[in-house]
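Dear colleague,

I am passing on the structure below, together with notes on what I found in it.

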Amino acid sequence: MKPQAILARFSVQPTQNRLAVLEVFLKHSQPLDSQFVLDDVKKTNPSIDRATIFRTLNTFSKSGVLIKLEFNEGKSRYELA
């Protein structure tokens with residue numbers, strides 16, 4: 001399924017940054033933390049910042065695109081719903 005179609009299914013506006021974050025999750029099958037997502041997105045979009053990643057992950061988890069997981073590591077991980 002295309003990233004735009006996934007976001008439309010969950011009624012999330014597709015922005016360039018949101019699409020870039022979603023692409024990271026489509027490439028990887030394991031739960032990812034925010035630092036991994038940031039590092040991966042920076043490869044193609046060096047101007048993206050940590051706050052944008054956190055806002056996007058929060059938007060995705062609230063809308064149901066991602067599931068937020070806690071493994072008692074002191075950080076959250078996310079995976080596609």
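Accessible areas here come from the Shrake-Rupley method with a 1.4 Å probe, and for residues only the protein chains shown count as cover. On that basis the accessible surface of the protein comes to about 5,000 Å², of which 50% belongs to carbon and sulfur atoms. Please bear in mind that this is a predicted model, in which local features need pLDDT of at least 70 and side-chain atom pairs count only at pLDDT 80 or more, whereas totals for chains, interfaces and linings use all residues. Residues are numbered from 1 along each chain as its sequence is written, and side-chain values use heavy atoms, with hydrogens and water left out.

Overall fold

The protein has four helices and three strands, where helices (H or I, at least four residues) and strands (E, at least two) are DSSP runs numbered from the N terminus; their order from that end is α-α-β-α-α-β-β. For 81 residues a compact globule would have a radius of gyration near 12 Å, and the protein agrees with this at 12 Å; the radius is taken over C-alpha atoms, and the globule rule is 2.2 Å times the number of residues to the power 0.38. The C-alpha trace spans about 35 × 25 × 20 Å along its principal axes. Of the contacts (heavy atoms within 4.5 Å) with a separation of 6 or more, 40% are between residues 24 or more positions apart.

Buried residues (under 20% relative accessible area, with exposed over 50% and partly exposed in between, 1.4 Å probe, protein chains only) make up 37% of the 81 residues.

In helix α3 (residues 34-42) the buried residues are S34, V37, L38, D40 and V41, and they pack against α2 (16-27), β1 (32-33), α4 and β3. At the start of α3, a side-chain oxygen of D33 reaches to within 3.2 Å of the backbone nitrogen of Q35. That is a polar contact, a pair of N or O atoms within 3.5 Å; within protein, one must be able to donate a hydrogen and the other to accept it, and residues adjacent in sequence count only if both atoms are side-chain atoms.

T56, in helix α4 (residues 50-63), is buried at a relative accessible area of 6%. A polar atom of the T56 side chain lies 2.8 Å from the backbone oxygen of T52.

The hairpin

Strands β2 (residues 66-70) and β3 (residues 76-80) pair in the antiparallel sense over five bridges, pairing being counted if DSSP finds at least two bridges between two strands. L69 has R77 in β3 as its bridge partner, and N72, in the hairpin of β2 and β3, takes a positive phi near 55 degrees. S76, in strand β3, counts as buried at 17% relative accessibility, and its side chain makes a polar contact of 2.7 Å with the side chain of E70.
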